[in-house]
Amino acid sequence: MLLLQFPLSPTIEEVLQVLPNSRTDSVTPSRVRAIDAPGPLCFWHLASLDAPTVALAWSLAFAWVARVRLPLWVPALLALAVWSVYVADRLLDARAGLRSANLHRLRERHLFHWRHRRVLVPLAIATGLGAAWIIFTLMPVGARERNSVLAAASIIYFTRVHTSRKVSPLLSRILSKEFLVGLLFTAGCALPAWSRAALPHSALVWSLLIPVIFFVLLAWLNCHAIDRWEASPESASSLPIFSQASLIAIVGLLLAAILSSAQPRSAALLLCGAAAALLLALLDSLRSRLTPVALRAAADLVLLTPLLLTPFFR
């Protein structure tokens, strides 16, 4: 509840005037009119609905690959937990940036959450309590024990990100925020299917583990690209996001070709992941023509390529 009591020193209007990545961000040349995202897509991103949508798409895809039918409470728990965590993360980022007057770190999604904190905080608390109710009433004890490890890792990561405690530069480079987000996010999406799969261990490794590892790379690429795009224009243009995305797409295509005969479902999901990587490469080449919100929303939108497999989900 500290978020509701914290005095906002600069007004929102003042913040918008100096915010470096507002809709008139300098990343877009003044002679080119930036393309903004449609209203529903902007709201989907600004309200943190993008992360739970991506989590649902990939969790259902992993379950399809593992030939598992997830109980309804599993996707509900995943959506509630992811949304409440992302809302809390963005509110804490906004509070820290405004408290320290470190406005260059704030994006429009942070300001959206801060503006609507009196609505979002109670909703996030309610969804968090709803997730807890599902865990303690519907989740089997064995699954609860397995998921406790992931929950503990997420809490440790969340605490480290939102405290001033520093880690060694080497460890920070190896375990970057983008990599840890990709790893934890993927683990949360894949664990329900992995723990319920009735396939032999060797078949499970080939059919599910490879797409899971590939999605870790894809989720890392998504976070890494967004981080570079939201940096200064000079640093964003000097980093080889296009090359990295293209390389990951090629890896996905090669893996899909290798698994196409033995594991067609895994190959199909890898093709979806490769398509998402190619779309991220395209976004990198078009970033100067999009507003920051449109670019950020599109970066998450392209991760929904597994929805192309929805007609085959059973």
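**Entry 1: the cores**

I looked up the largest nonpolar core first, and it has 69 residues. A nonpolar core here is a set of buried Ala, Val, Leu, Ile, Met, Phe, Trp, Tyr and Cys residues joined through side-chain atoms within 4.5 Å. Buried means under 20% relative accessible area, exposed over 50%, and partly exposed in between, with a 1.4 Å probe and protein chains only. Trp58, Phe62, Leu218, Trp229, Leu280 and Leu283 have the most contacts inside this core. Helix α11 gives the largest share, 11 residues. I also noted a second, separate core of 12 residues, with Trp83, Val87, Leu103 and Leu106 among them.

**Entry 2: what I am looking at**

This is a predicted model, so I kept its rules in mind: local features need pLDDT of at least 70, side-chain atom pairs count only at pLDDT 80 or more, and totals for chains, interfaces and linings use all residues. Residues are numbered from 1 along each chain as its sequence is written, and side-chain values use heavy atoms, with hydrogens and water left out.

pLDDT is the predictor's confidence in each residue, from 0 to 100. The chain averages 82, and 75% of the residues score at least 70. Over residues 15–30 the pLDDT stays under 50, and the model has 38 contacts for them beyond four places in sequence. Residues 233–238 are also below 50, with 6 contacts beyond near neighbours in sequence. Contact means heavy atoms within 4.5 Å.

**Entry 3: the whole chain**

How many helices and strands does the chain have? I got 15 helices and 0 strands. These are DSSP runs numbered from the N terminus: helices are H or I with at least four residues, strands E with at least two. Of the 314 residues, 47% count as buried. Among contacts with a separation of 6 or more, 79% come from residues 24 or more positions apart. The chain exposes about 16000 Å², and carbon and sulfur atoms supply 68% of that. The area comes from the Shrake-Rupley method with a 1.4 Å probe; for residues, only the protein chains shown count as cover.

**Entry 4: two residues up close**

I left aside the neighbours of Phe62 within four places in sequence and checked its contacts, which include Cys189, Leu208, Phe215 and Leu269. Next I picked Leu204, which sits in helix α11. Leu204 is buried at 6% relative accessible area.

**Entry 5: salt bridges**

Side chains of opposite charge can pair when their charged atoms come close. I counted a salt bridge when a side-chain nitrogen of Lys or Arg is within 4 Å of a carboxyl oxygen of Asp or Glu. The whole structure has 6.

Arg296 pairs with Asp50, the closest N and O atoms being 4.0 Å apart. Arg296 is in helix α15 and Asp50 in helix α4, so this pair ties together parts 246 residues apart in sequence. Are the two partners buried or exposed? Arg296 counts as buried at 11% relative accessibility, and Asp50 does at 0%. Asp50, Arg296 and Asp300 join into one network through shared partners.

Glu230 pairs with Arg107 at 3.3 Å between the closest N and O atoms. Both sit in loops, 123 residues apart. Glu230 is buried, and so is Arg107.

Asp227 pairs with Arg228, with closest N and O atoms 1.9 Å apart. Asp227 is partly exposed at 30%.
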